[in-house]
Amino acid sequence: MSDLATAGDLDSRLEKYRTELTGYCYRMLGSSFEAEDAVQDTMVRAWRSIDSFEGRSSLRSWLYRIATNVCLDSLNAGNRRARPMDLTAATPVAQAQLNARPEITWLEPVPDGRVLPSVADPADTAVSRETVRLAFVAALQHLPPKQRAVLILREVLAWKASEVAELLETTVASVNSALQRARATLAENEPAASDPANPLDDEQKELLERYVAAFEGYDMKALTALLHEDATMSMPPYDLWLRGHDDIVGWMLGVGEVCSGSKLVPTVANGSPAFAQYHPDPEGGYSPWALIVLDIRDGMIAGMDFFLDTKRWFPMFDMPERLEA
């Protein structure tokens, strides 16, 4: 067995790359659960083939090569995860219907701690957070798998073209060509920029405090004062999404009236402010209802994504099973 293994610390050497590899696989796959599975598969493959690792590249580069192959194998099935706004047009509230689609359809949220390794440089942290935003990861899903890998490695992780070419066993010219095509496609699907949120500034903290007060008080006038005029609201696993004050408020005061009296617990997801929403339980206290991920732009709330499958999301975000009254 290699020196890495005989040193008795192979596990710890591999483990220190888990978070960044999970971030890479999440951007590739658009699924937090699939990303963690892909990284676990990567670690198992690395363990099994450690004797063949000859040190011609760094351990990190070797792990990224394995992880890339795992992701490409997964993506060969042809599935592209999406947000509701990638699949249908916005629906007027008067025509709104709740049509659920299978879990594999949807881009999934992810806790920052699972995909964003600690770095000393605030600029690097800002880039990392921006590139796990829901809108950015959704845009990546428009790219063919190898172009997606090239763009993430070059633009997000700042690998050299020669390093990417070696990882993908291709030429520098091919990498540069793939990057050019990926940039063009991304430009056609470019997500709107969001406000930096690491850390939150005083204005953003006040915005979120007002959001919590308006939502928990179910004060629609106060809530709409915080929203962009073209703010969006989505509710995976349903493909319905709404745009604008009138339709959002119409929904909240109609079918969404069940959210009245909810409690919000703050967290972070995809580099953005988020809340675990708890719904009043007829038997007392509050039960899980949704994970809400917010998009803040120009000092206002531009998007509210309500992820309703709380049995999957609340354990991942370490949220309590219920709140007492």
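Trainee: How much space lies in the second largest pocket?

Mentor: This is a predicted model, in which local features need pLDDT of at least 70 and side-chain atom pairs count only at pLDDT 80 or more, while totals for chains, interfaces and linings use all residues. Residues are numbered from 1 along each chain as its sequence is written, and side-chain values use heavy atoms, with hydrogens and water left out. On a 1 Å grid over the protein atoms alone, a pocket is an open set of points with protein on both sides within 12 Å along at least five of seven lines; a cavity is a set where a 1.4 Å probe fits but cannot get out; lining residues have an atom within 4 Å of a point. Grid points are joined across faces, edges and corners, and a volume is the space filled by probe spheres set on the points. In this case the second largest pocket holds about 300 Å³ of space.

Trainee: Which residues lie nearest the centre of the second largest pocket, and which element gives the most to its lining?

Mentor: Of the 16 lining residues, P117, V119, S128, V156 and L157 lie nearest the centre. Helices (H or I, at least four residues) and strands (E, at least two) are DSSP runs, numbered from the N terminus. Helix α3 gives the most to this lining, with four residues. By class, the lining has ten nonpolar, two polar and four charged residues. Here Ala, Val, Leu, Ile, Met, Phe, Trp, Tyr, Cys and Pro count as nonpolar, Asp, Glu, Lys and Arg as charged, and the others, Gly among them, as polar.

Trainee: How is the length of helix α3 to be read?

Mentor: The expected span of a helix is 1.5 Å times one less than its number of residues. Helix α3 covers residues 18-29, twelve in number, and reaches 16 Å from its first C-alpha to its last, close to the 16 Å expected. After α3 comes G30, with a positive phi near 75 degrees.

Trainee: How many residues of α3 are buried?

Mentor: Buried means under 20% relative accessible area, exposed over 50%, and partly exposed in between (1.4 Å probe, protein chains only). Ten of the twelve residues of α3 are buried, including L21, Y24, C25 and M28.

Trainee: Which residues have the most contacts inside the largest nonpolar core?

Mentor: A nonpolar core is a set of buried Ala, Val, Leu, Ile, Met, Phe, Trp, Tyr and Cys residues joined through side-chain atoms within 4.5 Å. The largest such core has 69 residues, and L21, Y24, C25, M28, W62 and L63 have the most contacts inside it. Helix α5 (residues 59-75) supplies the largest share of this core, ten residues. Another core, of 30 residues, lies apart from it, with A231, I248, I292 and M304 among them.

Trainee: With which residues is Y24 in contact, leaving aside its neighbours within four places in sequence?

Mentor: Contact means heavy atoms within 4.5 Å. On that basis, Y24 is in contact with Y64, A67, T68, A149, I152, L153 and L157.

Trainee: What is the volume of the largest pocket, and how does its lining divide?

Mentor: Its volume is about 520 Å³. Its lining has 25 residues, with R83, M85, A135, P191 and A192 nearest the centre. The lining divides into eleven nonpolar, five polar and nine charged residues.

Trainee: How many cavities of 30 Å³ or more does the structure hold?

Mentor: The structure holds one. About 40 Å³ of space lies in the largest cavity, and R83, W106, P236 and F307 are among the residues that line it.

Trainee: Which peptide bond is cis, and which residues other than glycine have a positive phi?

Mentor: Most residues other than glycine have a negative phi, and most peptide bonds are trans. The bond from P236 to P237 is cis, with omega near 20 degrees, and P237 is in the loop between β1 and β2. E169 has a positive phi near 55 degrees, and Y218 has one of about 50 degrees.

Trainee: Are E169 and Y218 buried or exposed?

Mentor: E169 counts as exposed because its relative accessibility is 65%. Y218 is buried, since its relative accessible area is 11%.
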